[in-house]
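Hi there,

Here is the structure I promised to pass on. Have a look through it first, and then read on for what I found.

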Amino acid sequence: MSSATTAGGTTRKPTAGRWWIVIAALLLQFAIGAVYAWSVFGKALADPGAMNLTTSEASLTFTVTIGMIFIGSYIGGKVQDRTGPRPVALTGGIIYGLGCILASFAVSHDSSQLWLLVLGYGVISGFGLGYAYIVPIAMLQKWFPDKRGLITGLAVAGFGFGAVVTAPVAQWLIAMTPTEPNRAFLPLGIGYLVLAIVGAAFFRNPPAGYTVPGWTPAVGGRTHDAYKQFTEKEALRTPQWYLLTAILTLNVTVGIALIAQAAASAKDIAGYTVAGAAALVGVLALFNGGGRIFWAWISGFTGRMWAFALMLGLQGICLLLIPHATNAVLFFVLAAVVYLCYGGGFGTMPATAGDFFGVKHAGAIYGLMIIGWSLGGIIGPPIIAALIGDGEVKNYTLGYTVIGIIALVSLIIPAITRMPRPEKAASPVVEALPDVVGETE
């Protein structure tokens, strides 16, 4: 179907208006992506004049939030495949906003109301975040089969940029009531509700038989008719699902190890001031968001597995060099590359899952793969913290060398991962990386 007929008898392209849906998706992602600004709250909550939380208590809420993302995304993905994107996105956005509002009532000057903070921002908002996060990724792949890599990069870039916008606003709100920083969650929660509702209101799947005029799927691509649309259960029976999830987990693990130590590392290794290190972290967040677009776009030319190999390889090299980067500019460049590749994993994996398993059940299939995000977020920070140590003389060389080696060893996985064969072939197999070079969008 190359055109659609309106009530007045005129015809229009079936792709008309699809970029407006991208803008709507970005509004939702800006709202829920604010979760990456948690460090602003963590520092304020640890202040003796506020809730006086310990470092572990201040990080507990964020840990719970990340853990709930997988639960929300899995359920949201399954529901979306049955009901469509709009009701799921609206529900997730509302739950997320209400959880933030609930967290604003935890204003005690001690840790007695930590449970309310964990319940509101951790459990409720974390679930709503995951429930809504998967929706634009699955929906936009259906609207843009001709630009699957780029469009999923855009879809998750909004999430990466959310913290860039939220962090200064949150800092400004906290400064108004520094002894009760959680009060900032009230206006933020209301703002998130508005953005999520406005964005999700425009969500919809393309009509049945939708095609992009003038676009022909590549014979070697996943969208070729010879390839089946995997269900969730069928995908879980293939080795490819586990290999892709392992790639995502490892990419998150090595990247978030630096993210967790970025400010301290910049200060101790490269001599940044405390204010300079904080500013550096804010700038690096731009590379986290930009990497989601950049690598998703690059993967359309290199092939998905080559893109992941480059991401892991570059991170490995940069992490090995970072503890020796005493020059402030060199440290920034190396850290920016790591952030770029960390974000790139989130931008490229949804399109990769669509290539491998089809887009019909993309919500449920990729929703399950989000467990890699949660696992990486739980594994990476404790490992790097334990290796660096808590003494006056921290062992950054040991910490980043071990993480860098993990990244380089991880290159084995994209090197052996191959798309499932056409439906007419035998069971899915694993083949070598060089054969994947031609698998573009």
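A residue counts as exposed when its relative accessible area is over 50%, and as buried when that area is under 20%. Please keep in mind that this is a predicted model.

With that cut-off in hand, let me start with F105. F105 sits in the loop between α4 and α5, and its relative accessibility is 53%, so F105 counts as exposed. Setting aside neighbours within four places in sequence, F105 is in contact with Q113 and L116.

Now the overall picture. The chain contains 16 helices and two strands. Of its 441 residues, 53% are buried. If you take the contacts between residues at least 6 apart in sequence, 81% of them link residues at least 24 apart.

Which way does α4 run relative to α5? The two axes come within 7 Å and cross at roughly 160 degrees, and that angle makes α4 roughly antiparallel to α5. The residues in this contact comprise 19 nonpolar, seven polar and no charged. The crossing of α4 and α5 is left-handed.

Helix α7 is another partner of α4. Their axes are 7 Å apart and pack at an angle of about 175 degrees, which means that α4 is roughly antiparallel to α7 too. On the α4 side the contact residues include R86, L90, I94 and L98, and on the α7 side they include F185, L186, G189 and L193. By class, this contact has 16 nonpolar, three polar and one charged residues.

Helix α1 (residues 18–32) is worth a look as well. Its 15 residues should span 21 Å at 1.5 Å a residue, and its end C-alpha atoms are 22 Å apart, which agrees. Among its buried residues are R18, Q29, I21, V22 and L28. The buried residues of α1 pack against α4, α5, α6 and α7.

Q80 lies in helix α3 (residues 55–83), and at 2% relative accessibility Q80 counts as buried. Not counting residues up to four places away in sequence, Q80 touches P85 and V88 as well as I134, V135, A138 and G363.

What about N288, buried or exposed? N288 is found in helix α10 (residues 274–302), and its relative accessibility is 5%, so N288 counts as buried. Apart from neighbours within four places in sequence, its contacts are Y36, Y339, Y342 and G343.

Best wishes

Definitions and conventions:
Residues are numbered from 1 along each chain as its sequence is written. This is a predicted model: local features need pLDDT of at least 70, side-chain atom pairs count only at pLDDT 80 or more; totals for chains, interfaces and linings use all residues. Side-chain values use heavy atoms; hydrogens and water are left out. Axes are lines fitted to C-alpha atoms, for helices over the stretch in contact, and angles run from 0 to 180 degrees between N-to-C directions. Helices (H or I, at least four residues) and strands (E, at least two) are DSSP runs, numbered from the N terminus. Angles under 35 degrees count as roughly parallel, over 145 as roughly antiparallel, 65 to 115 as roughly perpendicular and the rest as oblique. A crossing is left-handed if the near helix is turned anticlockwise from the far one by less than a right angle, and right-handed if clockwise. Ala, Val, Leu, Ile, Met, Phe, Trp, Tyr, Cys and Pro count as nonpolar, Asp, Glu, Lys and Arg as charged, and the others, Gly among them, as polar. Buried means under 20% relative accessible area, exposed over 50%, partly exposed in between (1.4 Å probe, protein chains only). Contact means heavy atoms within 4.5 Å. The expected span of a helix is 1.5 Å times one less than its number of residues.
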